[in-house]
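Open the model in your viewer and keep the selection tool at hand. The stops below follow one another by residue number and element name.

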Amino acid sequence: MTDPVVAIVGAGPAGLRAAQVLAEAGLRPLLIDEGHRAGGQIYRRPPPGAERPAADLYGFEAGRARSLHALADALAPRIAYRPGTMVWGIAARDPAGFDLDCLGPEGHDRAAADRLILATGAMDRTLPFPGWTLPGVFTLGAAQIALKAQGMAIGRRVALVGAGPLLPLVAHQYAKAGAEIAAVLDVTPLKPKVMAAPRLAAVPATLAKGVWYTFACALRGVPVRSGVRAVAVEGAACVEALAWEDARGRRHRVACDAVGASFGLRSEAQAADLAGCRFVFEPVTRQWQPERSAQGRASHPHVYLAGDGSGIGGADVAEWQGERTALTLLADLGRPRDAAREARLDRILARQAGFRAALEAAYPYPHHLVENIADDEIVCRCEGITAGALRRAATERDASEMNRLKALTRAGMGRCQGRVCGHAAAEILARHLRVPVETVGRLRGQAPIKPIPLREPA
């Protein structure tokens, strides 16, 4: 009997561990990766010839990064690896299987698969604020890419603002690299972090790293502030300063020429949408995610999910989920099961789920940022759509659902396909209508997931 073709989309921690399990079982999975070298965003590798010591790039995670990079290199002869290749469309075949539309170094082609493991990762969650469209404003993820892939900072004097554990991590990485940091501003208050500390202590090593990242910046003299509000980037043609308001209502301002800003993470779930997976609303993170069982199964019987693409958990959780999901797939194929290994992973992931819940409580959603979005603020940069235009469509044209809002205003029709603006648009619409955000729905995924060159056949 011919082995099924298993395609893994994404070669970060989850995708690599899944590929390892399948290869060890005698399969030859197809691993498709947008990156030119395996590792994902968190363990992104510099291009050949521009390598730097792992300790400088990954800090406390240097050992884990080296291990995953070595795994990727060792797997190369045992898998079909396609780096630098984007899956921009997925179509289910009748009666079974999938066609994956790909764009890689050789151009456009179509790959066939019997089963899918989607390990598509996450991207920064953005929210509009005054000056966020000025040249020199980046996401925190983009700031990481610049540092890891190009060995450079996003500016000469950088201010960082956000909500979530990525903020202290990027601040630490930039400070360690020698960048000048003007300020590190957390838009969530300090009290929830103190309240969540006992639950965070269930995974003491991770808690210790987070605390160290924050205090290391403070020891270097970097201004670190919590509970900031009314963030605004100032500048005529580019970034010149970052201003904010503290918890007592006092205004502050620091000069800078670049800003990194993100407010948590959101799952990159468009591939799961195209593959026919059912989605559920996650109220804590306020986002729609593909439904995933604890064992890694999606609602579609031949689709499996692992890593941040189906719920934010972090790099360690992604590795364990990648391994667990691949074991589930093998069991579904009738291969011998390792019940002890499955049980061990289930225990680890259950403990990590509790830690993640505590982490979300420590960094609550920054409602105040959404409440203060002015009518003239650009929300959809691709199409130039303001918050006021979204509110008027809701009031005057009965746009009470996200896809109707998109059709009437063009918000989410540009290059990002709503990946950047969709979350903010939903929050603005729900607040204007005075309804829970889940009731306005989500933008339906459609191909191409990301922009493709017109010269390539579609």
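Select Glu 268: at 7% relative accessibility it counts as buried (under 20% relative accessible area; exposed is over 50%, partly exposed in between; 1.4 Å probe, protein chains only). This is a predicted model, in which local features need pLDDT of at least 70 and side-chain atom pairs pLDDT 80 or more, while totals for chains, interfaces and linings use all residues. Residues are numbered from 1 along each chain as its sequence is written, and side-chain values use heavy atoms, without hydrogens and water.

Glu 268 sits in the loop between strand E17 (265-267) and helix H8 (270-274) and Lys 450 in the segment after H14, so the pair ties together parts 182 residues apart in sequence. Helices (H or I, at least four residues) and strands (E, at least two) are DSSP runs, numbered from the N terminus. Lys 450 is also buried, at 19%.

Arg 431 is partly exposed at 26%; Glu 427 is buried at 1%. Now show Glu 34, Arg 266 and Arg 419 as well: salt bridges with shared partners join them with Glu 268 and Lys 450 into one network.

Finish at helix H5 (residues 166-176), where 10 of the 11 residues are buried, so the rest of the structure largely encloses the helix. Just after H5, Gly 178 has a positive phi of about 95°.

Key:
Salt bridge = Lys/Arg side-chain N within 4 Å of Asp/Glu carboxyl O.
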